[in-house]
Amino acid sequence: MGGGKSDVWQGTLALMVLKTLQAMGPMHGYGIARRIEQTSGDRLAVNYGTLYPALLKLEQEGYVQSEWGVSDNNRKAKFYRLTRAGRKQVTREAREWEKTTAILARFLSPERQS
Amino acid sequence: MRSLRVWIMRIAGLFAKRRHDDELAAELESHLQMHIEDNLRAGMPPEEARRQALIDLGGMEQTKEACRDRRGLPWLESLAQDVRFGLRMLRKNPGFTAVAVLTLAIGIGANTAIFSVVSKVLIDPMPYPHADRIVMLRRTFTGGIGLYPTTSIPKFMVWRQQTKVFKSVALYDWGAAGMNLTGGSRPEQVPGIRASAGYFQVFAVPMTLGRAYTREEDKPGGPHVAVISYRLWQGRFGGDPQIIGRTIEVAGNADEVIGVTGRNFSTQVPTDIWVTLQASPNSRDQAHDYVAVARLRPGVTLAQARIAMKLAAEQFRRKYPGPVMSPGESATAQLFRDSMVGSVRPALLILLGAVGFVLLLACANVANLLLARATVRKREIAIRSALGAGRKRVIRQLLTESLMLSFAGGILGLALGFTGIRLLLARYPNNSVGGGFDLPLIGSRGSAVTLDWRILLFTLGVCLFTAILFGLLPAIQASHAPLSQSLNEGGSRGGTHRSTSRSALVVGEVAIAVILLAGAALLIRTLSTLRALRPGFDPHNVLVMQMTFSGPQYDKAAGLAAAIQEAERRVGTLPGVQSVALGCCVPLQGGSDLPFNIEGRTPTMGSWSGDEQWRFISPEFFKVMRVPLLSGRVFNDRDVLGSEPVVIINQVMAKLYWPKGDVIGQRMLIGHGLGPEFEEAPRTVVGIVGNIRERLVGMTAGEIEPVMYVPAEQLGDPFMAWVRGTLSATWFVRTKTAPFSFSTPIQNALRTATGGLPVADIRSMDQVVRGTTAWSGFIGMLLSTFAAIAICLAAIGIYGLMAYSVEQRKQEIGIRMALGAQPKDVRGMILKEGGALTLVGILVGVTAALALTRFMVTLLYGVKPWDPAAFGCVVILLGAIAVVAAYVPARRAMRVDPMTALRHE
């Protein structure tokens, strides 16, 4: 994997997908993947293969819903959109994540603390 | 909540697989196309655009697979796969499958059979509401005599004052002798008891009609009222809706029916009529003829009840100082169930242990089969591993097959075991009066033993346990095999390391067979000891029938005397009848004992000289039973009330109390101090008769109890008035040929002779004798069956191992023979191998059996648990069978042709 791109970890991928759907509205799988890469400033490489099991899991958990639609280029594609439970989950997860990063930040730069 | 939703979605995902797959394919395809278009737009050549898109997707098929796993339940799908494959494997080897399933069916079936009885007798709650709160109140004695179930009215009157622990208490007749229902065209004897009013509260008796009698009605001088059973109401009274208030003639009294019990109410001793006991609080009747039960107050523990009973016993001692309570006597409370099943529990647990061993044996045998088959399947498993099956996956596959085998065995075993035990119980009439076979709580002929969830659950558990037991070791071993080696070997030769575990299995099998055989052998010895016991009388061609003397004429001694003489005249002259007699009790089945004083001696036991068995008989009794007169004379028609009171004793009693021999003419005072009904003048000993075994239960082998016989015609009027209407006795009729053919004329003659009294419980004395061994016979038969199964399984195990070993060592044997070994050397080698394993097995088994058989001690009679003869037979029998089992393969080894064997190399 050249270009200094990092792989996305499984746990965070779900949150990124949810957040993307919240920001952009209903999207198809390919679009979500591209959007995540763009948002990361091309610093992340989404292995598209891992995206579909993750989407399936979110759908089983009831955070997203899918239906067939037509893409911008007139191609048939499956569109995912956030459910109400999904919106709540984004808020919850985001808060958790902020907490975690804040704590980690204290460890990584302790001199700022005092 | 979320995870439940995920589960539901995933289970739903198991279905409509094709549609989901198509949809996913379409989705990925559109993803790919969009990516390619993007790449083209970025200026890539078409080939490169497609290649790059595929790389980024990370492989179409892997993505599909990952989604598929996510969508359904992969383990369930692979289980289905395993089951399908397992079925195919089992069908391909019908011989192996049949043997394994049958072996397991026997093992599991035996467990189901015994457990279904254990479940009913030891686990199921008794059929009363909150049955675990019902206790039996009983006497205890220090010095190991154990618990005595019966008590007396005065003791009960003291005990029942422990109201802090007992919510309700009741006293009732022990044994339900039978009550005469007279009046109407068909006199009949039905089982009935006299019970205090508390009975209906203690057992929480439901009522179909009417009510139970009250404490007021149960007071002395209260009205004559009766409660009848649903069965009697439906039967004798045809379900008469007007039954309440009707008067029926019970035991010579006109009783008013006031209630009919609920349809499902059942008693442990069948009972159809309950009448008031009307016991007086001031009673001085010291006879221990009653059972006391109580229901504990909520929150009261059994331990508290025991303490209360101990206190009550001491209160009684203070209230009645003197001989009515022996020095070592106290009282206790025992769970009602324990008092019912206490005596059969050890036997049932032993049987449960025995079937456990049978199951272990079955498992060992199937494990052995699987190990042998694993060698054959080595290649198959190697190929599976080569194709990417992990070790866990292989073990899972093999365990699935084991589970299928054990479930097939389980289903067959459930059917076999359950029907088997029901058929068996039906062959052993339960609750037959004094039949010696009395397994409580299983209903008449085992009808209460039903297939319930507990038995199903137990069988399921046994199946799972069994599958793991016999399947895990072979599965682990099979999955171990190094790939390249097994592929190269070509599957014809197995490793030697495997036979170690197989040898261990065979040793274990032999050991278990020894244990089971030892148990069976000890019981067979017990049975033969019991059957060899000489009862002291001639049981052939003697008919016995029970009668309860009720009616005003039997309130006085003269009535009974007249009935006896009339019966002698009417029955004694019937064609085919030799003699007839009345006796209180049937030999071998026990009876009551009374204390006595020997005139001119100082009491050695409290205020008495001794306490021995007491029987009343009519003059012809010893003639009917063919008991020899050893000294003096037997009773005759002149020994009636008013003439000199006489007594005859048996030889044991004569030797015990008059060791010097000067017995005849001595006088003894029987029952003095027990209460007014037992008071009588001293009796003169007029004869000594041969010993009759009066009972076997509780006796050590060979022990015969001292007995005193008094003439039935000399029972005092106070005694007759006391037993009023409930005097139960037995007619003994000696016939010239098979006794049952004379049953009807004898019954008719007896009815006429006694003024219309019915008889019940008609048996031959031969049946009575057989009945004494019924319980031992039942247990012995079951254990012998299990032991026989064990021998077969062990023999198959030895044979299988030796045959396998010969097969494996064909080349070696061929080389040996080519180098000059004689066929008999080869045979000896194989026999030695089998013999060594058997010997180790026998040693282990004998050691274990010696440790285990002491738990059987309550089942044994006249045999020590370490009986050398029994153990010797077991060792010889098993040794012989092992030699035979090893001999067949050994002979095959002898015939190995060196050339063929060597050419195999």
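**Exercise 1. Which residues make the nonpolar surface patch of about 930 Å²?** Work on the predicted model shown above.

*Solution.* Start by finding the members on chain B: B:L4, B:W7, B:I8, B:I11, B:F15, B:W75, B:L76, B:L79, B:V83 and B:L87. Finally, see who gives the most: α5(B), with five residues.

**Exercise 2. Find where B:L4 sits, and decide whether B:L4 is buried, partly exposed or exposed.**

*Solution.* First locate the residue: B:L4 lies in helix α1 of chain B. Then take its relative accessible area, which is 49%. The partly exposed class ends where exposed begins, at over 50%, so B:L4 counts as partly exposed.

**Exercise 3. Describe how chain A and chain B meet.**

*Solution.* Begin with the residues: 26 of chain A are in contact with 25 of chain B. Now turn to area, since the size of an interface is often given as the accessible area lost when the parts come together. Here the two chains bury about 2,300 Å² between them, with 58% of it on carbon and sulfur atoms. On the chain A side, A:Y30, A:Y52 and A:Q60 lose the most area to chain B, together 30% of what that side buries.

**Exercise 4. How many salt bridges does the rule find across the interface of chain A and chain B?**

*Solution.* The rule finds three. For a pair to look at, take B:D38 and A:R34, whose side chains meet in a salt bridge at 3.6 Å, N to O.

Technical notes: Residues are numbered from 1 along each chain as its sequence is written. Chains are lettered from A and ligands numbered from 1 in the order in which they are written. This is a predicted model: local features need pLDDT of at least 70, side-chain atom pairs count only at pLDDT 80 or more; totals for chains, interfaces and linings use all residues. Side-chain values use heavy atoms; hydrogens and water are left out. Patches are made of residues with over 30% relative accessible area and no salt bridge: like charges are joined within 9 Å, nonpolar side chains (Val, Leu, Ile, Met, Phe, Trp, Tyr) within 5 Å. Accessible areas come from the Shrake-Rupley method with a 1.4 Å probe; for residues, only the protein chains shown count as cover. A salt bridge is a side-chain nitrogen of Lys or Arg within 4 Å of a carboxyl oxygen of Asp or Glu. Helices (H or I, at least four residues) and strands (E, at least two) are DSSP runs, numbered from the N terminus. Buried means under 20% relative accessible area, exposed over 50%, partly exposed in between (1.4 Å probe, protein chains only). Contact means heavy atoms within 4.5 Å. Buried area is the accessible area (1.4 Å probe) that two parts lose on being put together, summed over both.
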